[in-house]
Amino acid sequence: MSDVVTAPAGRLTEPDVAALATGLGVALHTAGLPVGPDRCERLARAVTVMDATSVAELRACALATMVSDPSQMTTFDRVFAALFGGPSPFRDMGLPTAPAVPRADADGGPQPTAGSEGTPDGLPPGLRMSDAVPAAADADEPLLEGPALHRVASAAERLRGRDFTELSPVELQQLVTLMREMTLAIPPRRTRRYRPARDGKRPDLRRTLRLARRSGGEAIRFARRAPRVRPRRLVVLCDISGSMEPYARALLMLLYVLNRGQAGSSQPGGGQNRPEVFSFATRLTRLTPALAAASPDTMLAKAGEAAPDWSGGTRIGAAVKEFNDRYGSRGLARGAVVLIISDGWETGDPALLGAQMARLRRMAHRIVWANPRTQSPRYRPEVGGMAAAWPYCDAVVSAHNLDALDDLLAALHAR
């Protein structure tokens with residue numbers, strides 16, 4: 001710990017930046033903050049760029065890179081104070097506390113302070129910064145990936161790689177924090193309206209004549225214009241039948257996070273291009289109003305109230321037909337990116353699904369199908385509803401865990 005603890009004057013003693021970032025990340029992660037290897041890397045980069053030489057500068061770097069929500073400030077302050085000075089705030093609490101700092105006795109030898117032997121005032125063995133990195137004498141050696149580094153990465157990596165059906169309700173809530181780091185980019189569409197543009201290929205005669213009035217009727221400047229571009233609409237049809245219920249919950253949480261991001265976006269038209277979400281099992285239900293809820297739990301509760309067929313059977317063809325009749329043919333699907341979330345289990349007529357998918361394909365710009373069953377390399381869409389719908393899909397992704405959502409967002413962004 002002496003390699004990374006502050007000097008008596010409040011000045012850092014030239015620590016190994018990677019060691020310091022890893023140790024602080026381990027302590028914050030153990031205390032319950034969603035800190036992973038990516039944030040530890042950002043902290044090390046920030047300390048290097050700022051050339052931090054004091055505790056105050058280190059705290060500023062850590063605050064900017066390790067904290068993503070105001071509710072995390074209390075825990076952050078407790079852990080930082082415990083590691084870098086001040087009385088231990090973890091006494092009589094169930095959180096990890098600061099490791100003991102060696103102090104010299106009368107003979108000059110280092111003696112551990114009270115609580116260094118596993119008392120409530122000391123960090124558990126293996127979580128100390130000195131346990132996570134080599135000693136100062138080995139500073140020239142490359143940093144080895146030790147047990148502490150595995151612990152930092154393990155929780156976030158396990159959560160990202162686990163199937164949505166294996167996650168507990170608490171772990172599903174933790175997904176929201178990780179999903180906030182994702183962004184939705186829908187390909188743009190060309191509108192019929194135009195905007196002034198210096199590099200536009202279409203001449204703007206009216207504006208050119210207005211500019212000519214300033215120069216005695218001589219057209220010195222020629223104005224041009226280009227088509228306006230706006231993001232395409234995203235339409236989501238989510239299967240909420242019994243076999244899809246865990247995946248539907250996770251993906252509706254993703255849509256909720258993306259919807260909140262679009263609402264606060266500064267991009268032109270960001271608030272006007274939020275997802276249009278429908279659920280289906282035995283009937284079609286519009287869930288877009290539920291995405292405006294204050295929290296993911298409230299959103300799921302409102303979605304459950306609005307969809308009485310939650311965890312019911314599956315009639316994909318009938319649901320797509322109802323969407324085409326009531327919404328798609330009236331303009332909602334025209335030029336839109338359509339995302340269908342379903343495992344393809346069809347209890348109705350597959351021929352109906354094929355016919356309705358062909359009809360939807362003629363209206364939509366792009367159709368992406370998220371099917372968790374495709375994660376298996378042995379999966380083949382040879383029978384049933386998936387075989388009927390497959391020819392009309394531009395992309396099929398699994399979307400069965402958090403890592404697979406990157407493929408889903410990439411498929412939605414493709415042109």
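Predicted model: local features only at pLDDT ≥ 70, side-chain atom pairs only at ≥ 80, totals over all residues.
Trainee: Okay. Is K321 buried, partly exposed or exposed?
Mentor: Partly exposed, because its relative accessible area is 34%.
Trainee: And what does the K321 side chain meet in a salt bridge?
Mentor: D325, at 2.9 Å from N to O. Both residues sit in helix α11 (residues 316–326). They are four residues apart, about one turn of the helix.
Trainee: Which other residue forms a salt bridge with D325?
Mentor: R359. The closest N and O atoms are 2.8 Å apart. R359 belongs to helix α12 (residues 350–363) and D325 to helix α11, so this pair ties together parts 34 residues apart in sequence.
Trainee: How accessible are D325 and R359?
Mentor: D325 is partly exposed at 31%. R359 is partly exposed too, at 24%.
Trainee: Switching topic. What does R39 pair with?
Mentor: E181, in a salt bridge of 3.6 Å, N to O. E181 lies in the loop between α7 (169–179) and β3 (188–196), and R39 in helix α2 (residues 37–50), so the pair ties together parts 142 residues apart in sequence.
Trainee: Buried or exposed, that R39?
Mentor: Buried, at 3% relative accessibility. E181 is partly exposed, at 44%.
Trainee: Which residues are linked in a network of salt bridges?
Mentor: R160, D403 and D406 are linked that way.
Trainee: How many salt bridges in the whole structure?
Mentor: Twelve.

Note on methods. Residues numbered from 1 in each chain as written. Heavy atoms only, no water. Salt bridge = Lys/Arg side-chain N within 4 Å of Asp/Glu carboxyl O. Helix = DSSP H or I, 4+ residues; strand = E, 2+ residues; numbered from the N terminus. Buried < 20%, exposed > 50% of the residue type's maximum accessible area, 1.4 Å probe, protein only.
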